[in-house]
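Work through the exercises below with the sequence and the structure in view. Each task is followed by a solution in steps.

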Amino acid sequence: MLKRTLVTLCLLPTATTLAAEAPQNDASSDDQCIITPPVSPLAKSNNLGKVANQVIHIQSNQSEGTLGDKATFDGEVTFQQNGRQIKADQAIVDQKQQLFEANGQLVFQDGVVTVTADSLNAQMSSKVATLDSAQYWLNGQQLHGSAEKLEITKDSKLVLNNTSFTTCPIGDESWALQAKRIKIDPDEEWGEIWDAKLKIGNVPVFYMPYMTIPISDKRKTGFLFPKFSSSTTNGVEFAAPFYWNISPEYDLTFTPDYMTSRGIYTKTEFRYLAGERQAGQVNLEYLGKDDMLSNHADRWLVNFNHQGAIDKNWRVMANYVDISDNNYFTDLDSDVSRATENQLSRIGDISYLTDNWDFSARVQDIKVLGEVVSPYQVMPQLSFAYRAPSFWNKVDFNLYSELTNFEHRGNGYNTATRLHVEPSLSLPIQGPAGSLTSEVKLFQTNYVQRNVDVDFADTDYLDENVNRTIPEVRVHGQINFERFTDYFDQNYRQTLEPQFQYLYVGHRDQSNIGIYDTAELQQDYIGLFRDRRFSGLDRIADANQLTLGLTTRLFDEHNVEQFRFSLGQIAYFENSNVNMYDEALRDDTSTSVLAAEMDLHLYDDWFFSTAIQYDTRHHDNKKSEATLDYRPGPNKLVQLSYRYVPDLTNRNTNDQVDISQAGIRTAWPLTDNLYFVGNYYYDLNEERSVENYTGLQYESCCWAVRFAYHYRIKTNYEDNYNPVLDNRELFETSFTLNFVIKGLGGTGPLGVSDMMDDGVFSYRKPLYLRN
């Protein structure tokens, strides 16, 4: 075998490689979808860009010619250069005319692309090359195609004439894009397509005289895949998003959404990067003269969100949302929130963080949908926290303080400024056998309350100035026992973890303090060991109580938790004299609810979880829930669930109602390509279904389609500002169709997780074991 070394031919690998690296739209494809070229692909080289003036090694069975003039190579000709190679039956190099020709079973390869062609002609001086009857494959990808003629221009652009490409396997004609001409710019990393026809099942379904596509993972301006749906409240709905890649730091998505029952609904989302560690977005949504409203009012949304780090210590966060009416999220498919959320949060926060102390300044305003009375605004709040571990003889010192000013939108409400200082000393003693933590804390709070004598507000009981000092003593201990045992012929390590907490909080009459940011906390098992009954600082409940709790766990031979059971209750030595609103309404009981929780890995792929809060004095179930999961593999799920919550207040009627609901959720592959997701939830008290969801999704290597049916209860709010038709629908029925062509604007796969998260009742795993 003869070998010859040349130093001139550097044209073809440069242009072809730059053009071929780009189309990576479907990098998330499974290995089984990767299309293999007819010859084994080459490994990627780390020096793909360094090809100028590189040495080319040529091997062939025979050669003839003169160095510096014209040379002919015949029989198994191989050109190699820096991780790239060309194979052909014959090649001619005319160094005097700066021409290169190759033909006969021509194969070009590098670490990114494999190309076969009938012949290759290149002008080395102008760096122009042409390949006839080319077939190309992206190595390790799905995309492949053909071109009657493939041209490489002198500025390294790639031009394909009478070409087509697809991501479907060879022989699968599910879809293909045919074009008269495609021009790819490897520097800008995008392509232009003329006279494009999209064929599905060999049937033309779409024609575009001119379009552009990205040929790399960089963002590209253009239309995204449309969405089609139908519902009883919106009618037939069609949305066509348009994406604008403004710059590497900014982009914008504009979505015109036409609803036959309402009109044109426009959604705009602007995203930005501010430096390397800050980002945010702005959302504007508008529906003019909604035809479903009795007064044909305009509906709109404004949202601003920003967060990030200014430097090593400073953090900033801002969020603002406002809508035209209370039922905006109920009626419209907003990009900002869900129909099940009834609070709009407006927060601005800047913080300075160190190892031992933190400082933050915050403003906050919350709008509760459907509520006549608005919450108080925090305008502003300054907080400072200091930590000193082992401050003295292993005693930790902590200090929390805040200065908060409460304002209100209404003129008929009192306002206040609150200064709170909370120092504490704690002595933690920890070891493998258990722990004991003793803590002494002091709550010092000063209120300056304004407008306490307004005529149209019930504020006669409030004082303008309040000075409140409350001490707290807390002792929490836990003992860890463990043993090795076996159940059902399996070896386990079992733990027994009894714990107790004694809590004393001094009593102080707080009826002269308004309620600004306080609510009652849940009494689940973890809540039994809190030192507070209320969130916020307007009410600090007195306590003289002992909490007893017990947890047992089972760990298998791999130290994975398979079972956990917890049981606990509070014994009150004295009844608390502090309530939210009326000091006469005190809880006269000797014990709290009995709270129990259990998580169990039943067998193989079966999991069970339950929790209950039981009133032992009145023998009443205060809250309970249970979940049974069968999950044998990815996207395989059958879940049965039940929840019971009594004495909830109906926001519209102020009546007490009980929630007793059972449900089933299923996600299962019917075949290798067809998935099913179904949800059904039933209200046992009302004797009616509250949500049904059925989704079918077919997904192959090159395309995917999803059809979903959704029937759900609607959250309808009273709204005098923007009245609607007298008879608002209590339930909504909708149909949705999603279609994705992989490699042509869709990245696939669709997945089933978003179907499980869709709806009023989102999927929750029942097993949260602590390993």
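**Exercise 1: Salt bridges**

Task: Identify the residues that are linked in a network of salt bridges, and examine where the partners of three further pairs lie.

Solution. The network of salt bridges links Arg262, Asp290, Arg299, Asp325 and Asp331. The model is a predicted one. A search of the whole structure gives 27 salt bridges.

Step 1. Asp333 sits in the loop between helix 2 (328-331) and strand 23 (343-353) and Lys227 in strand 15 (residues 227-231), so the pair ties together parts that are 106 residues apart in sequence. Asp333 is partly exposed, at a relative accessible area of 37%, and Lys227 is partly exposed as well, at 31%.

Step 2. Arg387 and Asp358 also meet through their side chains in a salt bridge of 3.0 Å, N to O. Arg387 belongs to strand 25 and Asp358 to strand 24, so this pair ties together parts that are 29 residues apart in sequence. With 27% relative accessibility, Arg387 counts as partly exposed.

Step 3. In the salt bridge between Arg493 and Glu482, the closest N and O atoms are 3.1 Å apart. Arg493 is in strand 31 (residues 490-505) and Glu482 in strand 30 (residues 481-487), 11 residues apart. Arg493 counts as buried because its relative accessibility, 18%, is under 20%. Glu482 counts as exposed, because its 52% is over 50%.

**Exercise 2: A nonpolar surface patch**

Task: State which residues make the nonpolar surface patch of about 530 Å² and which elements give two or more residues to it.

Solution. Step 1. The patch is made by Trp357, Phe359, Leu382, Tyr386, Leu403, Leu419 and Val421. Strand 24 (357-368), strand 25 (377-392) and strand 27 (415-431) each give two or more residues to the patch.

Step 1. Trp357, in strand 24, is partly exposed, with a relative accessible area of 34%.

**Exercise 3: A loop residue**

Task: Decide whether Lys394 is buried or exposed, and which residues it touches beyond four places in sequence.

Solution. Step 1. Lys394 is placed in the loop between strand 25 and strand 26 (395-407). Lys394 is exposed, with a relative accessible area of 64%.

Step 1. Not counting residues up to four places away in sequence, Lys394 touches Ser426, Leu427 and Pro428. Lys394 and Leu427 are 33 residues apart along the chain, with 6.6 Å between their C-alpha atoms.

Terms used. Residues numbered from 1 in each chain as written. Predicted model: local features only at pLDDT ≥ 70, side-chain atom pairs only at ≥ 80, totals over all residues. Heavy atoms only, no water. Patch = residues over 30% accessible without salt bridge, like charges linked within 9 Å, V, L, I, M, F, W, Y side chains within 5 Å. Areas by Shrake-Rupley, 256 points an atom, 1.4 Å probe, with all protein chains shown as cover. Salt bridge = Lys/Arg side-chain N within 4 Å of Asp/Glu carboxyl O. Helix = DSSP H or I, 4+ residues; strand = E, 2+ residues; numbered from the N terminus. Buried < 20%, exposed > 50% of the residue type's maximum accessible area, 1.4 Å probe, protein only. Contact = heavy atoms within 4.5 Å.
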